[in-house]
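The following report describes how two chains are arranged and joined in one model. The sequence and structure are shown first.

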Protein chains: 2
Amino acid sequence: MIIVILAGGSGTRFWPLSRVRSPKQLMSVLGGKSMLQRTVERVLPLQPERIMVITNRLQAEETAAQLCYITEVPVEVIAEPVGRNTAPAVGLAARLAVNPETIMAVLPADHVIPDQENFCEVLRRGAAAAGEGRLVTLGITPIRPETGYGYIEVAAGSAGPGPFPVSRFVEKPERERAGEFLSAGNFYWNSGMFLWRADVILDELQRHLPEVHAGLAALDVRDGHVISKALEAFYAGVKGESIDFGVMEKSDRVVMIPASFGWSDVGSWSALPEVLDADAAGNVLINTGDHLLTDTEGCLVYGGGKLVALLGVKDLIVVETPDALLVCPRDRAQEVKGIVEELDRRGLGEYL
Amino acid sequence: MIIVILAGGSGTRFWPLSRVRSPKQLMSVLGGKSMLQRTVERVLPLQPERIMVITNRLQAEETAAQLCYITEVPVEVIAEPVGRNTAPAVGLAARLAVNPETIMAVLPADHVIPDQENFCEVLRRGAAAAGEGRLVTLGITPIRPETGYGYIEVAAGSAGPGPFPVSRFVEKPERERAGEFLSAGNFYWNSGMFLWRADVILDELQRHLPEVHAGLAALDVRDGHVISKALEAFYAGVKGESIDFGVMEKSDRVVMIPASFGWSDVGSWSALPEVLDADAAGNVLINTGDHLLTDTEGCLVYGGGKLVALLGVKDLIVVETPDALLVCPRDRAQEVKGIVEELDRRGLGEYL
């Protein structure tokens, strides 16, 4: 198996911790190891033959530096010269597979999955279906009427470990519809994690995104690698497209494997209390020193190792980095993205 | 005139900025110069013959360092070996006056008075009354029913610039009583600022606190100074007593000069917006870098020069120092003192 980790995201909703050069997946958002490091370590029990981490040029150096301690498996960092969404990246990884029938697991670098064992078990089941020529997507069993995720619908009554044929992919729903999905029982969260054989995804790219495939076919791949000049030419010529819209929503080979492990795409600061242990009052403190919380509930503090004293506050997010301090209520964490945009408008590039 | 600045306070309600070794008066609570430096600079137009700053041993070095730039007037820092409240300190300063008829102005180091001109004018009027043998206390015309200050009552109908004989000193009142004081018109805030002649206060000490006076009389003062060994013996032997309870509330020579300059004893973080310019939404930012405030009202941020982003918060105090971070609502700022006590109980002495 080859693991392909998509790691080029910027994660502006984790500002001020995440920055252009050190986005969410490279930061210790959870304390300790970065999300990228956790993502790589999570797959090591599967003994993949190689791990490809696809990122952009700004982040490539830090990405490689963070992974140099991984010695069990060869880790390659591929720096895209320009971002072209996920289809070209996924296609490139497939094109670099030495054995065309190699199974690829495509994983975002910035998801939180605490239960490694369960996760690996699901990937093994996914790999089995992928080996039979399927495009496998992992669907997370929903546990609340979440409006922040897309959904995957399978046939009503689908039971057991799958794989299930996919009826359709559904965009992020309104609250009421999310509630209907939850009670219907045949809707799953679209996790953005995929498995397929290299030759199968290339075949599907040829069918649904022929230009991307043509660019890939023209690459002079030797021993599973390509020179950076060729990479540059490929990216300069290819159109941006997501693998979801470009292939998954069109292909008739798509199946879903249901997964019930704890999962979060950690879309903003407010998602962290879901995936980290909170104290009895629902407070989560990351990277702080001693703390003294008085009459304080539901707060998330990400600090620079300092003593933290909170007195009489509720549902606040407080983030402190060496050059910035953010305070906002938990239910407005999505708007942090807007702060980053405003900083950009004001020309305060040093904080981006 | 001699200026005596009482500077030994700890100001725990300004934690985490104020610490045992660097209390409120030594910190840049207002941004820029410290409150002590501002207090000293405020009296320079009066051309005093000397300025005595009375503090404790822990703070003496920093106190002296902060004032070494003052060249217009000799500044002496007197380090009390132990704290004995204000009566011994004030008596010592009087004993060190070379000319017994010198007028002393006794001023706390940690009050905010933005209007220097008005302040100096009031001190000149106070000095005139002091020259006639009075113990002069400055009473601030109240502008709200403040429950955090003591009050001074003068005869009903007292009008003009004073001095007025003092009817009585009143402890911090309950809210309703504070309202009555405000509407009565003959009650003033007790500022803790005094003027008197050195010989007069010594005379009053002899009458009301004879033991303090005896200790002072035994000091071998030469040319307005005393050796530190003598100081140690005096402090070891003397009982702690405040000049307010020990002398002012008992003497029949007390008069009050009314003052209407803006004044605050800046008892906690929540007092700062009273004395500093706030933006249109009532936010005050001190020692911060760029800032981006969205839907944010009535907040006070004291930062380490960082970019500050507040989103959707109201009436919060946020203080960040190199080793600590405090967040609390403005109306609970008084409780910060309790945080310091709790840190002490937990043995976290490095944060005190």
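B:Tyr302 stands opposite B:Val319 in strand S14 of chain B. The two strands concerned, S12 (residues 300–302) of chain B and S14(B), are paired in the parallel sense over three bridges. Strands are DSSP runs of E with at least two residues, helices are runs of H or I with at least four, and both are numbered from the N terminus; two strands pair if DSSP finds at least two bridges between them.

This is a predicted model, in which local features need pLDDT of at least 70, side-chain atom pairs count only at pLDDT 80 or more, and totals for chains, interfaces and linings use all residues. Residues are numbered from 1 along each chain as its sequence is written, and chains are lettered from A and ligands numbered from 1 in the order in which they are written.

**The sheet shared by the chains**

The pairing of S12(B) with S14(B) belongs to an open sheet of six strands with mixed pairing, in the order S11(A)-S13(A)-S15(B)-S14(B)-S12(B)-S10(B). The edges are S11 (291–294) of chain A and S10 (284–286) of chain B; each has a single partner strand, so one side of each is left without a neighbour in the sheet. From one strand to the next the twist averages 5 degrees. Between the chains, strand S13 (residues 307–311) of chain A and S15(B) run parallel and are joined by four bridges. A:Val308 stands opposite B:Leu325 in S15(B). Helix H11(B) lies across S11 and S13 of chain A together with S15 of chain B, at about 135 degrees to S11(A). Axes here are lines fitted to C-alpha atoms, for helices over the stretch in contact, and angles run from 0 to 180 degrees between N-to-C directions.

**The contact between chains A and B**

Chain B contributes 28 residues to the contact and chain A contributes 28 residues, where two residues are in contact if their C-beta atoms, placed from the backbone, lie within 7 Å. On the side of chain B that touches chain A, the elements that give two or more residues are S13 (307–311), S14 (316–320), S15 (324–329) and H11 (336–345) of chain B. S15(B) gives the most, with six residues. By class, this side of chain B has 19 nonpolar, two polar and seven charged residues. Ala, Val, Leu, Ile, Met, Phe, Trp, Tyr, Cys and Pro count as nonpolar, Asp, Glu, Lys and Arg as charged, and the others, Gly among them, as polar.

The same surface serves both copies, as 100% of the contact residues of chain B recur in chain A.

**Chain A**

Chain A has eleven helices and 15 strands. Its assignment, which comes from an automatic or database source, gives domain 1 (2–259) and domain 2 (269–351). The C-alpha centres of these two domains of chain A lie 29 Å apart. Their contact takes eleven residues from domain 1 of chain A and 17 residues from domain 2 of chain A.

| Peptide bond | Omega |
|---|---|
| A:Trp15 to A:Pro16 | near 5 degrees |
| A:Gly162 to A:Pro163 | about -5 degrees |

A:Pro16 lies in the loop between S1 (2–6) and H1 (35–43) of chain A, and A:Pro163 in the loop between S6 (151–154) and S7 (164–170) of chain A.
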